[in-house]
Amino acid sequence: MSTALDELAGNFAELRPHLVSVAYRLTGTLSDAEDAVQESWLRLSGLDERRRSAIEDHKGWLTTVVSRICLDRLRSAVVRRERYVGEWLPEPVLGPLGTPPSEDPLTVAVRDDGMRMAAMVVLDRLTPEQRVAFVLHDAFSVPFGEIAEILGCTPETARQHGSRGRRAVADADPPPRTALAEQQQIIEKFMTAMLTGDIQAVAEVLHPDVVLVGDGGGKARTAVHTVAGFDKVTRLFQGLMRMYDPAGMEQARLALVNGDLGVYLPPQPGSDRYRALDEHVDAFVIRDGKIVAIYDMANPDKLTTARTRVGP
């Protein structure tokens, strides 16, 4: 026999993809997103029957709770990131290619264009208040009056936070998603060039304004600072070909990274000639048929789900 709590749990399960989408877009961290969504359920299910029945809009109520939890996480993250070694990138959400679409809430969430890696990187540049106001209003149509209650400010101030966030995103101009077929053609050409050690072929797929951003968190080898410009990125890859066995690219696997095509590279042992290679996930941004940004994620703390999600 179904109980009121069973019915509530069923409604929550239907809302879970939406809540995960909100939480991940606000925090950029899988564990924080999942914790926020789980905490929202605990708060809802912990209410007595009278207070639960008074909630007219479960979606709105849960979105508010999740947003407040994420705002607290964002504010504490500002301090943590000041001590972070190197650049900070959002935690990637991986999925395998060539399988039926997964209904896992995270996989569902990152199908949204605003959750591609390029867009998530821009969100990380906003203040916590700007991020919450912009994401909730522009992505989820939450009124500024409700956002003001979450932020603890006036509606006009919430509107200003949203406007500043919107302007920062527009100024960053992240390119829209390229069709997967075109992504695959370009990235496979890049991978083949790396495998054969052909630096000229690598250069041919790089955009003149290409940048490479690495995130190792001081725990894995990658670029500590952003590498910007065609010449610098080309020289970087030329150096990597000397330090690491190009044949290691044979172990690389194409995967969906936040809905775009990327590469999962498992860890590899070193040899007398080459260094050992850490586990990496690379996300790419394509502009004008060439790679304009590479996000190289190697911090093992952010790759704990990568191996299980990418498949064999």
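Colleague: Why is lysine 302 called buried?

Modeller: The model is predicted, so local features need pLDDT of at least 70 and side-chain atom pairs count only at pLDDT 80 or more, while totals for chains, interfaces and linings use all residues. Residues are numbered from 1 along each chain as its sequence is written, and side-chain values use heavy atoms, without hydrogens and water. Buried means under 20% relative accessible area, exposed over 50%, and partly exposed in between (1.4 Å probe, protein chains only). Lysine 302 has a relative accessible area of 8%, and therefore counts as buried.

Colleague: What makes aspartate 215 and lysine 302 a salt bridge?

Modeller: The term requires a side-chain nitrogen of Lys or Arg within 4 Å of a carboxyl oxygen of Asp or Glu. In this pair the closest N and O atoms are 2.6 Å apart. Aspartate 215 lies in strand E2 and lysine 302 in the loop between strand E7 and helix H13, so the pair ties together parts that are 87 residues apart in sequence. (Helices are DSSP runs of H or I with at least four residues, strands runs of E with at least two, numbered from the N terminus.)

Colleague: Why does aspartate 215 count as buried?

Modeller: Its relative accessibility is 0%, so aspartate 215 is buried.
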